[in-house]
Amino acid sequence: MLLTISTTHRPATDLGFLLHKHPGRVQSFDLSFGRAVVFYPEATEERCTAALALDVDPVGLVRGSSRSGGTLDQYVNDRPYVATSFLSVAIAQVFGTALSGICKSHEPLAASAIPLKATIPAVHCRAGADILRELFEPLGYTVQVTAHPLDVAIFPGESSHTYSLELEGTVRLSDLLSHLYVLIPVLDNDKHYWVGDDEVAKLLRHGEGWLTQHPKREYITSRYLKFQKNLIDAAMEKLREDDPPSEVSDDVADPVEEKIERQLSLHEQRHGTVISVLKSHNARSVVDLGCGEGRLIRELIRDPSFTRIAGTDVSHRVLQIAADRLRLDRMPSIQRDRIQLFRGSLMYRDERIKGFDAAAVVEVIEHLDEPRLAAFERVVFEFARPKVVVITTPNCEYNVRWETLPAGTMRHRDHRFEWTRAQFRDWAEGVASRFGYTVKYLPIGPDDPEVGSPAQMGVFTIA
Ligand code: SAH
């Protein structure tokens, strides 16, 4: 059983620090079901690959099966070859520190999304190849699945249900390990150990930050917990507590906000103002952070002065809607090449949002928990650091002008806060001074003499 993890992030050998395993050494670990060996088939500045090979003792498994509560009863079984829950145990024991995202010597790197590729030569998955894609694609990976047919002469027409799996994406290493830790056992029916209450805690711990938003979270939960109803109920209840999940909002369906927006055609005004600000700063490349369904991107595409346009959002679902609405698949390649859409969270540093002239953050900050704004600020202003950042957010003083909005309520059920003009300015001044930007303000929509405009904009430029 083999797992390899490669990176091209330079220097690539830093992978050794992240995994806490030296690229120059072969290390071996005794585990209850066999032996794990970690080694690096390649380790250069440009590219580094770590391999985790598991030597599972199939006979020992059968002999110990009554003790461990396992179900194996045949000496000849596939356990030594296919990646199963044993791999999760090995990840936790051999790469435990990396799994928890801890790396004292390389903290910023451990917190960054970097290009990573994981390869597993054999997984056993009765549900077929599609489910492999459905599990990993929403997490931002490009997934390659290759089927391994059975010997057709001996088993005509039968599938081996065995696949090679390759995942490629820009993610944090700890996220990749968590995804594998949870999802590999989901593929396999023979989880080797007893599933008890602590498995719920493990699932929730390793699923933190992604499982609540995963379109197949119920499938994952019930298979990870091996269909034990009381455990599944307990886990699902916890997962639903996060609905709407802390980093995802549902910007498609909030009737109150939609109605208000329509009355003023606020979307158009907002995007129109953003675009004119971007043009006045001669921005040619723009990244739309929290792009949602791609409304601003659609406007940017229409204007040929924008030569490179990217959109990113934490929600896989809205990105799919964006890709559909923009008809990316039917676009001529000359247009298509200007545009990139990718999933990512504004809570983590991400190489992919670097190198743009400008960033737009339109009606996004109010969806972030206030204590987490500090992380967002560093990601955008310190790490990505575009020359211009345009941020818009509601001005809650204006809410009294809307009869349809009951006093004291916010415009959208996922808004974590709505600021007055003074609160926004206070925050924006702080950000500008901490990160070396200057900020100017613009109203969006009719500017009421008493309560200001319905939305407010800060335009940050490098001082
Ligand atoms: N900018 C878009 C969408 C605004 S709705 C527009 O103007 O139409 C807010 C968007 O922020 C949602 O699509 C939500 O998924 C996204 N979002 C929320 N938290 C995020 C995070 N941590 N990282 C990236 N995007 C996030």
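Biologist: Is Trp427 buried or exposed?

Modeller: This is a predicted model, where local features need pLDDT of at least 70, side-chain atom pairs count only at pLDDT 80 or more, and totals for chains, interfaces and linings use all residues. Residues are numbered from 1 along each chain as its sequence is written, and side-chain values use heavy atoms, with hydrogens and water left out. Buried means under 20% relative accessible area, exposed over 50%, and partly exposed in between (1.4 Å probe, protein chains only). Trp427 has a relative accessible area of 11%, so Trp427 is buried. Trp419 is buried too, at 5%.

Biologist: How many aromatic pairs does a search of the whole structure find?

Modeller: A pair of aromatic rings is described by the distance of the centres and the angle of the planes. Rings of Phe, Tyr and Trp (its six-membered ring) pair if their centres lie within 6.5 Å; planes under 30 degrees apart count as stacked, over 60 as edge-to-face and the rest as tilted. The search finds twelve aromatic pairs. For Phe33 and Phe86, the ring centres are 4.4 Å apart and the planes stand at 45°, so this pair is tilted. Phe33 and Phe86 are both buried. The rings of Trp419 and Trp427 have centres 5.5 Å apart and planes at 45°, so that pair is tilted.

Biologist: Which residues do ring pairs link into a cluster?

Modeller: The cluster consists of Phe381, Phe417, Trp419, Phe424, Trp427, Phe435, Tyr437, Tyr441 and Phe460.

Biologist: What lies over the face of Tyr348?

Modeller: A charge sits over a ring if NZ of Lys or CZ of Arg is within 6 Å of the ring centre and within 35 degrees of the ring normal. Arg172 lies over the face of Tyr348, 3.7 Å from the ring centre.
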